[in-house]
Amino acid sequence: MALPMLRGCYRVPSTFSFTRIFLSESIILNRSGKTRLPSPSPAAVGAAVRPYSSDRGKPQQTQNVVVFGIPNPFTWLRTRIYYFLIRAYFDKEFNIEEFTEGAKQAFSHVSRLLSQCQFDALEGLVAKDLIEKLEEKCNLLPSSHKKALSAESDEIMYTKPEDVGIYYDDDGRKFVCILMRFWYLTSARLPDDSMEGIRVFQVAIDGERGAETKRLLTANYEFQREFTKGVPPEWTITRIEHSKLLD
């Protein structure tokens, strides 16, 4: 089974990355649907906004995650060059925005299967040798950590291409790999002492149901596709990292 939502190294390692996400310690959603947040820094370069509703049939309210950062000019330029090379020599219809959206859908689907320990369902989506390693690790996780692996699509706050690579193996086969980084929310109960660096905050909806504690976690998924002539145009996940969960 291929990754249907994705269409279609000489790797230069990233030297520095300055993009970060900052959250307020407490996000309050009031009856008007407005979100009270600290005044954003002038360094803000973008914001991810997702709808949130406490009850069906009620107007949706929003929770805001503001992205701060100074882009690394070397990384920005290098990835743009790789996008050009992919379109010029591998797939003329390649579009990084479409790929990013497809990768986000694939991430949500695969992370849910991981959380439920449905390893057989990962075949064709994830590299076989990686599935075996993931099964070993997941079987040792407590239920709270397994729950935290799952990222629902509406809880994914930000998605960013982290690295791009093009390489040839000794047999002349051609590959493109794209490393994606995801920031997502989880309500799973995790011990704070083992989750160093993870932002913890509370969301209160209308003051009716109290405050819900959520954490912002990160995950890295690497997508690889072989562009050798005659090979099916399928993207496969060859690397999965979930912050402190799958170390």
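Asp169 is partly exposed in this predicted model, with a relative accessible area of 21%. The cut-off matters here: a residue counts as buried when its relative accessible area is under 20%, so Asp169, at 21%, is placed in the partly exposed class. Its side chain meets that of Arg173 in a salt bridge, with 2.6 Å from N to O. Arg173 is also partly exposed, and its relative accessible area is 36%.

Arg173 has a further salt bridge, to Glu226, where the closest N and O atoms are 3.8 Å apart. Arg173 lies in the loop between S6 and strand S7 (174-186), while Glu226 lies in strand S9, so this pair ties together parts that are 53 residues apart in sequence. Glu226 counts as buried, at 16% relative accessibility.

The structure holds nine salt bridges. One of them joins the side chains of Lys214 and Glu155, at 2.8 Å from N to O. Lys214 is in strand S9 (residues 211-226) and Glu155 is in the loop between helix H4 (143-149) and S6, so this contact ties together parts that are 59 residues apart in sequence. Lys214 and Glu155 are both buried.

Strand S6 covers residues 156-168 and includes Thr159. Thr159 is buried, with a relative accessible area of 17%.

The next element to look at is helix H3, which spans residues 128-138 and contains Glu132. Which residues of H3 are buried? They are Leu130, Ile131, Leu134 and Cys138. Seen down the axis of H3, these buried residues fall within an arc of 100°, so they line one face of the helix. The face turned away from the buried side carries the exposed residues Lys128 and Glu136. Glu136 also belongs to a negative surface patch, together with Asp120, Glu123, Asp129, Glu132 and Glu135.

These parts can now be placed in the whole chain. The protein chain has four helices and ten strands. From the N terminus on, the elements run β-β-β-β-β-α-α-α-α-β-β-β-β-β. The chain has 247 residues, and buried residues make up 45% of them. Its accessible surface comes to about 13600 Å², of which 51% belongs to carbon and sulfur atoms.

Terms used: Residues numbered from 1 in each chain as written. Predicted model: local features only at pLDDT ≥ 70, side-chain atom pairs only at ≥ 80, totals over all residues. Heavy atoms only, no water. Patch = residues over 30% accessible without salt bridge, like charges linked within 9 Å, V, L, I, M, F, W, Y side chains within 5 Å. Areas by Shrake-Rupley, 256 points an atom, 1.4 Å probe, with all protein chains shown as cover. Salt bridge = Lys/Arg side-chain N within 4 Å of Asp/Glu carboxyl O. Lys, Arg positive; Asp, Glu negative; His and termini not counted. Charge placed at Lys NZ, Arg CZ, Asp CG, Glu CD. Helix = DSSP H or I, 4+ residues; strand = E, 2+ residues; numbered from the N terminus. Buried < 20%, exposed > 50% of the residue type's maximum accessible area, 1.4 Å probe, protein only. Arc of directions from axis to C-beta.
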